[in-house]
Amino acid sequence: MNLLDWLNGPAFTAFGQQVIWSDMVGNSIGLAALAFGWRRSIWTWPAQFLSGLILVSAYAYAHLSGGVGKQLLVIGVALWGWRQWQRGRRQAQDGSIAVRFATWRERALLVAGTAAGTVAVGSLFALVPQLSWNPWPDAYIFVGTLAAMVAQARGLVEFWFAWLLVDIVGVPLAFSSGLAFSGLVYVVYLGLVLWGMRDWWLRSRTNPQPVLEGAAA
C-alpha cells in the first residue's frame with residue numbers, strides 16, 4: 001500500500017460516517033494553523049501549506065474538484081502569506097504581526113472580488129459538471145477561502161469575518177460530501193473564528209495601524 005492509498009483509507013467510523021486519514025490529518029493540521037493565526041504566529045503559514053497538501057488527496061477522493069482547487073490555492077497563498085508576514089513593515093510590541101481593520105477601499109475590493117470570483121468559478125463548475133457535483137456552494141467556499149487568506153496575509157481583522165461566512169456553507173457541504181471529519185472541524189473552526197475575531201479586534205484598537213507591504217492604502 002502506497003502513501004496515497006493509506007491517506008484515503010478509513011481511519012474510523014463515527015455516527016455512521018467513515019472518516020478517512022487524509023480528511024482527519026489534514027484538517028487537524030488546519031486547526032493548528034487557525035490557532036497559530038489567532039496567536040498571530042508566522043507558523044500559521046507552514047501549517048496551512050502542509051494542511052493543503054494533505055487535503056488535496058481528501059477532496060480528490062470525494063470527487064470535489066472545487067475543494068481540490070481550493071487547497072491548491074491554500075498552498076500558493078500560504079507561500080505568499082509567509083513572505084508577506086516576514087516583510088511586514090511594523091510588528092506588534094510582542095514581536096508578532098500587527099493587525100488592523102481594512103480600509104473601505106480594501107473592503108470593497110474584497111467583497112467585489114469574492115462576488116465576481118464566485119460567479120466566475122460557479123459558472124465554470126456548472127458548465128463542466130465533472131469539476132463539481134455541487135457547483136455553487138463549492139465555488140463559494142473556493143473563492144471565500146482565497147479572500148480570507150489574502151485578508152489574513154495583510155493582517156486584516158476582516159479575515160475572521162470571511163472565515164465565518166465560509167464556515168456557514170462549509171459545514172453542511174462537508175457532511176453531504178462524505179467528509180465527516182471536515183464537517184466536525186468546521187464546527188470547531190467556528191469557535192476558534194469567534195475567539196480569534198475578538199482577539200484581533202481588541203488588538204487592532206491598542207496597536208498602531210501598520211500597512212503590510214503590498215496592501216492598499
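Let me begin with a definition. A residue counts as buried under 20% relative accessible area, as exposed over 50%, and as partly exposed in between. Take arginine 107: its relative accessible area is 23%, so arginine 107 is partly exposed. We will come back to that residue. One caution before we go on: this is a predicted model.

Now the overall layout. The protein has eight helices and two strands. Read from the N terminus, the order is α-β-β-α-α-α-α-α-α-α. There are 217 residues in the protein, and 49% of them count as buried.

In the model, residues 68-85 are 100% helix and 0% strand. The end C-alpha atoms of that span lie 25 Å apart. Residues 108-128 come out at 95% helix and 0% strand. Here the end C-alpha atoms are 30 Å apart.

Next, salt bridges. How many does a search of the whole structure find? Two. One joins glutamate 106 to arginine 100. Their closest N and O atoms are 2.9 Å apart. Both glutamate 106 and arginine 100 are buried.

The other salt bridge brings back arginine 107. Its side chain meets that of glutamate 158, at 2.8 Å from N to O. This pair links distant parts of the chain. Glutamate 158 is in helix 7, residues 158-176, and arginine 107 is in helix 5, 51 residues apart. Is glutamate 158 buried or exposed? Glutamate 158 has 13% relative accessibility, so it counts as buried.

Arginine 107 has another contact. Its charged end sits over the ring of tryptophan 104. The distance to the ring centre is 4.5 Å.

That brings us to the aromatic rings. Searching the whole structure gives six aromatic pairs. Let me pick out the pair of phenylalanine 101 and tryptophan 201. Their ring centres are 5.3 Å apart and their planes stand at 85°, so the pair is edge-to-face. Why does this pair tie together separate parts of the chain? Phenylalanine 101 lies in the loop between helix 4 (65-86) and helix 5 (104-127), while tryptophan 201 lies in helix 8 (residues 180-206), so the parts that are tied together are 100 residues apart in sequence. Phenylalanine 101 is partly exposed, at 25% relative accessible area. Tryptophan 201 is partly exposed too, at 37%. Ring pairs also bring in Phe161: Phe101, Phe161 and Trp201 are linked into a cluster.

Now another pair, phenylalanine 125 and phenylalanine 142. The centres of these rings are 6.4 Å apart and the planes are at 85°, so this pair is edge-to-face. Phenylalanine 125 belongs to helix 5 and phenylalanine 142 to helix 6 (residues 135-153), so the pair ties together parts 17 residues apart in sequence. Phenylalanine 125 is buried, with a relative accessible area of 6%. Phenylalanine 142 counts as buried as well, at 17% relative accessibility.

Last stop: the surface. Leu124, Leu127 and Val128 make a nonpolar surface patch of about 280 Å². Where is valine 128 placed? In the loop between helix 5 and helix 6. Valine 128 has 31% relative accessibility, so it counts as partly exposed.

To close, back to arginine 107. Its charged end sits over the ring of tryptophan 104, and its side chain forms a salt bridge with glutamate 158.

How values were computed:
Residues are numbered from 1 along each chain as its sequence is written. This is a predicted model: local features need pLDDT of at least 70, side-chain atom pairs count only at pLDDT 80 or more; totals for chains, interfaces and linings use all residues. Side-chain values use heavy atoms; hydrogens and water are left out. Rings of Phe, Tyr and Trp (its six-membered ring) pair if their centres lie within 6.5 Å; planes under 30 degrees apart count as stacked, over 60 as edge-to-face and the rest as tilted. Helices (H or I, at least four residues) and strands (E, at least two) are DSSP runs, numbered from the N terminus. Buried means under 20% relative accessible area, exposed over 50%, partly exposed in between (1.4 Å probe, protein chains only). A charge sits over a ring if NZ of Lys or CZ of Arg is within 6 Å of the ring centre and within 35 degrees of the ring normal. Patches are made of residues with over 30% relative accessible area and no salt bridge: like charges are joined within 9 Å, nonpolar side chains (Val, Leu, Ile, Met, Phe, Trp, Tyr) within 5 Å. Accessible areas come from the Shrake-Rupley method with a 1.4 Å probe; for residues, only the protein chains shown count as cover. A salt bridge is a side-chain nitrogen of Lys or Arg within 4 Å of a carboxyl oxygen of Asp or Glu.
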